[in-house]
Amino acid sequence: MGLEFVVEVALIAFLIMFALLAVELKKLAYAVASLGLMSTVLSIIFYILYAPYVAVINLLVYAGAVIVLFLAVLSLMKPGEEEGKGKMYDIIAEIPGGVLFIIIAVILVQILTTSYIGIQFAYGKTLNLPSLIPPQMQSMLQNVAESTWRVRVIDVLIQAMALFVAGLGVAVLFRRERREKE
Amino acid sequence: MIGLNWYLAASAILYSIGLYCLATKRNLIKMIIGVEILLNAAHLNFIALSTTTAGLDPLARTYVIVSIGVGAGVIALALSLTLLVYRHYRTLDVRKMRRLKW
């Protein structure tokens with residue numbers, strides 16, 4: 001059990017902890033900050049899993065732009081209006097939800113690990129994550145760029161269109177609100 | 001590097017946290033946070049399953065990149081709609097949004 005193992009398990013633990021905090025914290029600003037930290041930890045995990053492009057884009061979009069958007073929306077609301085009252089965390093009120101969460105988690109872990117065994121059976125050998133940088137890693141960056149711009153070019157164009165429409169939709173919604181005010 | 005099972009279990013737990021959030025929370029912002037956690041869980045699953053000693057799958061990574069962009073657009077729209085809903089109803093509690101007439 002080396003340092004690498006400890007670091008990766010700690011990252012996974014932090015990921016789950018920040019996700020739980022994002023869901024459970026009553027103050028929305030803290031919840032959003034926790035979501036940002038979760039996205040940052042996830043980006044580090046992507047980098048460890050040899051996905052540097054995904055890590056950088058995740059960091060820019062989810063840990064950057066989306067969090068700024070969340071904070072902007074929160075700042076446009078009346079301060080204190082939507083924050084929970086009373087205790088920071090009410091354990092008794094969360095018991096039914098907690099039981100639901102545990103049931104879903106156990107079922108999903110069971111399904112995923114079973115499918116993992118199935119994949120191993122299909123490959124005919126044990127699949128593990130690469131411990132050293134594999135030779136494929138050398139050409140991987142080029143492969144990702146190639147598959148983005150050649151194989152999945154339609155997806156990328158549709159994504160650009162979807163983002164454009166989303167931006168237009170947000171602009172129209174805000175404009176309508178401003179006009180109503182005037 | 002730790003086994004693939006750890007990452008699969010982590011993504012399953014993240015996914016269940018997102019589902020739990022959508023099922024139990026009544027605040028619209030919290031529900032959007034739940035959707036984002038669900039998206040992140042799916043991305044982690046894709047990346048973990050595409051990284052094995054049998055090879056790295058670039059198509060899965062490309063798919064995740066596309067999904068991140070589309071997810072960000074969805075969240076932006078959901079947040080702007082949330083803001084409009086808040087200005088109309090003066091609350092983010094989904095139980096109190098009963099009137100359909102704008």
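Among contacts in chain B between residues at least 6 apart in sequence, 51% link residues at least 24 apart; two residues are in contact if their C-beta atoms, placed from the backbone, lie within 7 Å. The model is predicted: local features need pLDDT of at least 70, side-chain atom pairs count only at pLDDT 80 or more, and totals for chains, interfaces and linings use all residues. Residues are numbered from 1 along each chain as its sequence is written, while chains are lettered from A and ligands numbered from 1 in the order in which they are written.

**Chain B**
- Chain B has three helices and two strands, in the order α-α-β-β-α along the sequence. Helices (H or I, at least four residues) and strands (E, at least two) are DSSP runs, numbered from the N terminus.
- The radius of gyration of chain B is 17 Å, well over the 13 Å from the globule rule for 102 residues, so chain B is more spread out than a compact globule. The radius is taken over C-alpha atoms, and the rule is 2.2 Å times the number of residues to the power 0.38.
- Along the principal axes, the C-alpha atoms of chain B fill a box of roughly 55 × 25 × 20 Å.

**Confidence in chain A**
- The average pLDDT of chain A is 75, and 60% of the residues score at least 70; pLDDT is the predictor's confidence in each residue, from 0 to 100.
- Within chain A, helix 2 of chain A has the highest mean, 93, and helix 5 of chain A the lowest, 63.
- Where pLDDT is low, the predicted coordinates should not be read in detail.

**Chain A against chain B**
- In the interface, 71 residues of chain A are in contact with 61 residues of chain B.
- The chain A side comprises 53 nonpolar, twelve polar and six charged residues. Ala, Val, Leu, Ile, Met, Phe, Trp, Tyr, Cys and Pro count as nonpolar, Asp, Glu, Lys and Arg as charged, and the others, Gly among them, as polar.

**Helix 2 of chain A and its partners**
- The axes of helix 2 and helix 3 of chain A come within 8 Å and cross at roughly 175°, and these helices are therefore roughly antiparallel (over 145 degrees). Axes are lines fitted to C-alpha atoms, for helices over the stretch in contact, with angles from 0 to 180 degrees between N-to-C directions.
- Residues of that contact divide into 17 nonpolar, five polar and no charged.
- With helix 2 of chain B (residues 28–49), the axis of helix 2 of chain A comes within 11 Å and crosses at roughly 5°; the two are therefore roughly parallel (under 35 degrees).

Definitions and conventions: Angles under 35 degrees count as roughly parallel, over 145 as roughly antiparallel, 65 to 115 as roughly perpendicular and the rest as oblique.
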